[in-house]
Amino acid sequence: MRVKTKIGLATGMLVLLCLVIAYAFRPEIGAFLFERGIERNLDRDVVAELPEGLHVGLCGTGSPMPNPERAGPCNIVLAGDQMFVVDIGEGGGRNIALMGFDAGEIDAVYLTHLHSDHFDGMGPLQLVYWVRGAHTSPLKVVGPVGTETVVEGLNIAYSIDDSYRIAHHGETIVPPTGGGSEARTFRLPGASQTIHDEDGLRIVAFAVDHSPVEPAVGYRFDYKGRSLCISGDTSRSANLERVCEGVDLLVHEALQPELVRKLAGALQDRDDENAAQIMRDVIDYHSSPSEAAQSADATSARMLVLSHIVPRMPSSLLYPAFLGDAESYYDRPIVVGEDGMMFSLPAGNKEIERSNLL
């Protein structure tokens, strides 16, 4: 017992001494840890670690509803040396950086439609794109008719801030011609149209039903035998099911109507009629998880990823209630998307690799 007691006392004294030393040298320890963190983060090259193929990262899986766990709608798509962002909701640019991607390398932003929650992260993204890449041309923003109005407004709003950046950092770091965004709009002559076909990557825009929001589109990406579709906001869409036939991965928006009705009822009980009516209204132009699953089944997609999650899901324990009976319509994997998830479709096989970058 005496030996054990002495060992215990010695151990206790050693721990106490370590705590005293750590407290006394906490500025130095903090600086050391900070420097190590800088080295680790700056040496990180997520793109170089990805296999050759097609990839999509979820930089935002939320909705206009306040949600600390999810940024607004945002997807980052990579194919070879090409990098695109599909929709850029609030907080999406932050997540792009936190996931390890360089916003200065983005080739273009694609907008599915012009609901504000799908572009209200554009301002911060176009600023980072400009200053990180020292670009001499603005960020390209591709979208349906009306995109030019959104881009013009954002450019006006950021014009004063742009002048400050140039004055502070100089024209070499932030070239005056590179600030803001440049709209590239398109009209669909029919139900779908190829809008990009370069370096082996084909992007098709297709019409979806988000009425009264018109036009509204989704996008299909094909690269080296792999494919994915991003639905945008839509009720169940036969056109999506046609265009996305045979894709490896379907990223589809999802709203659980039963849970939204419960939320509307709770608001009604508290005499918040305006908010309650908004909750009732949003149900009719979105897809339920079950409808998204039916679309995934109709396309024979190999995996379904749900995004633009409504209502807020603060815990994965709520996912079964959110999914409802979706799994009865689709017998392949269904993933409730979360910010930071990455899905890789390597060229030359049929695998779908999944990771988390946050």
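At 14% relative accessibility, glutamate 241 counts as buried, where buried means under 20% relative accessible area, exposed over 50% and partly exposed in between, with a 1.4 Å probe and protein chains only. Its salt-bridge partner is arginine 236, with the closest N and O atoms 2.7 Å apart. Arginine 236, at 37%, counts as partly exposed.

A word on the ground rules: this is a predicted model, in which local features need pLDDT of at least 70 and side-chain atom pairs count only at pLDDT 80 or more, while totals for chains, interfaces and linings use all residues. Residues are numbered from 1 along each chain as its sequence is written, and side-chain values use heavy atoms, leaving out hydrogens and water.

**Salt bridges**

A salt bridge here is a side-chain nitrogen of Lys or Arg within 4 Å of a carboxyl oxygen of Asp or Glu. By this rule the count comes to ten. Here are three of them.

| Pair | Closest N to O distance |
|---|---|
| Glutamate 69 and arginine 312 | 2.8 Å |
| Glutamate 241 and arginine 236 | 2.7 Å |

Lysine 224 sits in the loop between strand 9 (217-223) and strand 10 (226-230), and glutamate 52 in the loop between helix 3 (46-49) and strand 1 (53-60), so this bridge ties together parts 172 residues apart in sequence. Helices (H or I, at least four residues) and strands (E, at least two) are DSSP runs, numbered from the N terminus. Lysine 224 is partly exposed at 47%, and glutamate 52 is partly exposed at 38%.

The bridge of glutamate 69 with arginine 312 joins the loop between strand 1 and strand 2 (74-79) to the loop between strand 12 (303-310) and helix 11 (319-323), so it ties together parts 243 residues apart in sequence. Glutamate 69 is partly exposed at 36%, and arginine 312 is partly exposed at 35%.

Rings of Phe, Tyr and Trp (its six-membered ring) pair if their centres lie within 6.5 Å; planes under 30 degrees apart count as stacked, over 60 as edge-to-face and the rest as tilted. The count comes to two aromatic pairs. Phenylalanine 84 and tyrosine 110 have ring centres 5.5 Å apart and planes at 75 degrees, so they are edge-to-face. Phenylalanine 84 belongs to strand 3 and tyrosine 110 to strand 4 (residues 108-110), 26 residues apart.

Tyrosine 110 also pairs with tyrosine 219, with centres 5.3 Å apart and planes at 80 degrees, so this pair is edge-to-face. Tyrosine 219 lies in strand 9, 109 residues from tyrosine 110. Phenylalanine 84 is buried at 3%, tyrosine 110 is buried at 3%, and tyrosine 219 is buried at 0%.

**An enclosed cavity**

On a 1 Å grid over the protein atoms alone, a cavity is a set of points where a 1.4 Å probe fits but cannot get out, and lining residues have an atom within 4 Å of a point. The search finds one cavity of 30 Å³ or more. The largest cavity holds about 120 Å³ of space, a volume being the space filled by probe spheres set on points joined across faces, edges and corners. Of its 16 lining residues, the closest to the centre are Pro73, Asn75, Ile230, Ser307 and His308. Strand 11 gives the largest share of this lining, three residues.

Conventions:
On a 1 Å grid over the protein atoms alone, a cavity is a set of points where a 1.4 Å probe fits but cannot get out, and a pocket is an open set with protein on both sides within 12 Å along at least five of seven lines; lining residues have an atom within 4 Å of a point.
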